[in-house]
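Me: Hey, can you walk me through the ring contacts in this one? I'm new to it.
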Amino acid sequence: MAASSVTTSLLGSPAFPVNLTPPTPSIHASTPRCSASPVTSAASLISHDSSPAVTSLRAYPTELAFRSSRMHQKSRKNRQAPKASRRFRESRPTVARAAANDVAAAASVAEASLDERVELGALHGPAREEAEAVQAAVFQAAADLDTVAAEAVAASGDVAASEVSGEGEKREGEGQGLGGSADGRARMKRLLQWARELHGGASPPPALRARENRVMGCVAQVWLHVDLEEDTSATDGSDLSRFRLRLQADSDSDLTRGICQLVLRILNGRSVSAALALDSNGPAVKALSAALKPAATAAAASSAKASPAVRTSTFVSLLLSLQKRARALAATALGRTPSVAPLPSIVIGRGGSITARGDFAVTQAQYLKPNEAAVAALVNELTSKRLGVVAHFYMDAEVQGVLVAARKSWPHIKISDSLVMADGALKMAQEGCDSIAVLGVDFMAENVRCVLEKGGFAHVPVVRMAPTAIGCSLADAARSEAYGRYLAEASAVPKSLHVIYINTALDTKAVAHHAVPTISCTSSNVVQTVLQAFAQVPDLTLWYGPDTYMGANLVEMLLQLSSLPDEEVRALHPDHTQASLRALLPRIRYFQEGACIVHDMFGHEVVSRLRAAYSDAFHTAHFEVPGEMFALAMEARARGRGTVGSTQNILDFVTARTREALGRGYEGERLQFVLGTETGMVTSIVQAVQDELAKAESSADGAAASAAAAAAAAADVEVEIVFPVDSSAVASTKEDSSSSGRDSSSSGGNGKPLGSVAAAMLPVVPGVKGGEGCSVTGGCASCPYMKMNSLDALMSVCHMLGQDDALTHLGPYEPDKFAEPLGPGTVADLGYLPILHMRHFQKTGRLSDDLVADIMTRNQHQPSQ
């Protein structure tokens, strides 16, 4: 059977003496893909042109043909699933742009709306010429750094370390010598030269170092002050061209002061429109970042404070902060209110204090300090029944808050991602728990049941939180007829490997492995799984499913990696190079009709709001989110300010950045994180941040405390978690309620039973009126299926466990055991094999010999594609 994948072809400033004319390579246009086929080949997404201008190729389905899938063939009676909202949207393809056309393609701000990005082609006359001059100045800065390094190395073969020793990373009089390459030291010398020019060599005005001028995310302390001055001589009619930037900047690091001076030389006195037109992800800024990298690498070699990627991003951080502030000032000057209102957020401060901003955040924060009576009641039930609890990160804040508090008294509670839930359940059974409660969707409970049986604990009951099915739109997509056709196509291609997402049912994995050699993956190990598979079987054809966005994002990430130097690719996987990544991409295919209805809601509207108002924040994205949200986090990741991956990856990223900020010991530092996944994650994130803050505050106790511990204890760090939700992702409890952005401190512990908080205290609650929990215009509130795992449901299960005929009552609550025969064993036996293959890979870093042999020998009678 021939695969039906569709293949698409992607056919000077006086401050800098070097005159660099940006190159004008060819442009590759993208043809929108047909969405009729459930299979997409990565070959349709890439061009083999190695031109430097091909900075990024992103292509996603022009339409997500997400059909209502068949539900489980063995559905229980009275199955009730929450109504699921589907949004069919077009994902805008991003094509490679030549450097000469970057100006015409860069982001600007429409005069009618100060928070919308438009093509710079809307600018004309002097405004356009000025924007082009700004970009040329950035290119010239990059060329200047490249030239001084090349000339110095050519003239002497080295640059004396003494020329930069004691200056490069000096902070308030503290000097330290720097090593690194001759190339890096030459670039550092030029940065130090620019640093001496800052403020004309004089001391900065004291008011500049005010807290409100701090730039987020820089390794050193950086301050930026932005003022606007109206230019009455502007004649091009552009509102934003009327205002000129008046900038001041400073840092406590000499190298960073050089970058501050660079920003001022390029943008001080320029119009707001010209500054907003400079694309932080465009070729000009990328060229400058590449030119700064050797200096950053040399500096990082003598300092443990950050990686070169973070240091190199200082220019971008300053640019994004400048653009954000200039946009707000221009709106005020023009008497306009930007339509982008602040998104709801939770701020964690000293002492673990919590401040909720916006009614949606207030609702989430109510449960971070749960009702003590509810906690005590749950602990009593769990201990008396010896009941272990495993719950997913996406549980509602109400039940998570109680579970976190109860864990202090009853240790057999685990909140984690889906794979670790099963491991946690096995450990609880080994430690004497009589039964296991699963708070999650059905496939999670099925995995727990299977792992316990394979671990010798078949006698330990596993209970779900409802007698009816607790579904999952993504898992159901893998049970559809379309997925059956997809597997049939894969089985017809020799040397095929099916990589299936762990978030699928056990019988789905069994049917898949029966058709095609199959290995499970998680969102945190999918990239390494794919790379290792191609390393062991170079002529492999790889089929990923069922999540469409995750498949597209996987290809996007590999495309970006394929543009890196070989040494950076090998750092990710030692058996791969740029060439091998480009060679494997045409042989990756992914299913096109599967998506989580929650992650599906991170669409264009929410991403536009984030780009306008949160461009300088840290960005996180789960692998399952749509391409635009994923691309935003990938851009941030490239400059050390973002992460993409699993729920655990996101939690680890937030925790690590918080720990780093505490280690720097600065006052007045605020870290802002955009939570690009389901909002249930906030409970675990807040708990982790509070733990880090508490460690820092207590680390300086005692006479033996180190200087680093004392600095961390003195640090005034705030961490803000931003919820990228649309206003329609919440429902009012009153007809006249609104989701305004009012601030409110969350007190919690108000003595009222959880789940019955007065409507007057909670003007809005997560979920649109239809009950989906997500906005159809973009932004996610919470998973409707996870809401079935309520605190009331858990308490009800606990009560039933105490009855004499508990097993009779709890029969409908048990997960399916999949005991039907299939092949040499049962459905459960075969469905567990892909998980075992993944376990082997996680343990050894290699595909098992049995799996490789299966790939090499199965379906060899078919003609090769």
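Me: Y483 and F591, are they buried or exposed?
Reply: This is a predicted model, and in it Y483 and F591 are both buried. For Y483 the relative accessibility is 0%.
Me: How are the rings of Y483 and F591 arranged?
Reply: The pair is edge-to-face, because the planes sit at 85° and planes over 60 degrees apart get that label. The ring centres are 4.8 Å apart.
Me: Where do Y483 and F591 lie?
Reply: Y483 is in helix α15, while F591 is in strand β15 (residues 588-591). The two are 108 residues apart in sequence, so this pair ties together those separate parts.
Me: OK, what about Y483 and Y486?
Reply: Those two also form an aromatic pair, a tilted one, with 5.2 Å centre to centre and 45° between the planes. Both sit in helix α15 (residues 481-491), three residues apart, which is about one turn of the helix.
Me: And Y486, buried or exposed?
Reply: Buried, because the relative accessible area of Y486 is 0% and the cut-off is under 20%.
Me: Which residues do ring pairs link into a cluster?
Reply: Y483, Y486, W543 and F591.
Me: How many aromatic pairs does the count come to?
Reply: Seven aromatic pairs.
Me: Switching topic: which residue lies over the face of F618?
Reply: R641 does, at 4.3 Å from the ring centre.
Me: And what lies over the face of Y614?
Reply: That's K324, at 5.8 Å from the ring centre of Y614.

Terms used:
Residues are numbered from 1 along each chain as its sequence is written. This is a predicted model: local features need pLDDT of at least 70, side-chain atom pairs count only at pLDDT 80 or more; totals for chains, interfaces and linings use all residues. Side-chain values use heavy atoms; hydrogens and water are left out. Rings of Phe, Tyr and Trp (its six-membered ring) pair if their centres lie within 6.5 Å; planes under 30 degrees apart count as stacked, over 60 as edge-to-face and the rest as tilted. Helices (H or I, at least four residues) and strands (E, at least two) are DSSP runs, numbered from the N terminus. Buried means under 20% relative accessible area, exposed over 50%, partly exposed in between (1.4 Å probe, protein chains only). A charge sits over a ring if NZ of Lys or CZ of Arg is within 6 Å of the ring centre and within 35 degrees of the ring normal.
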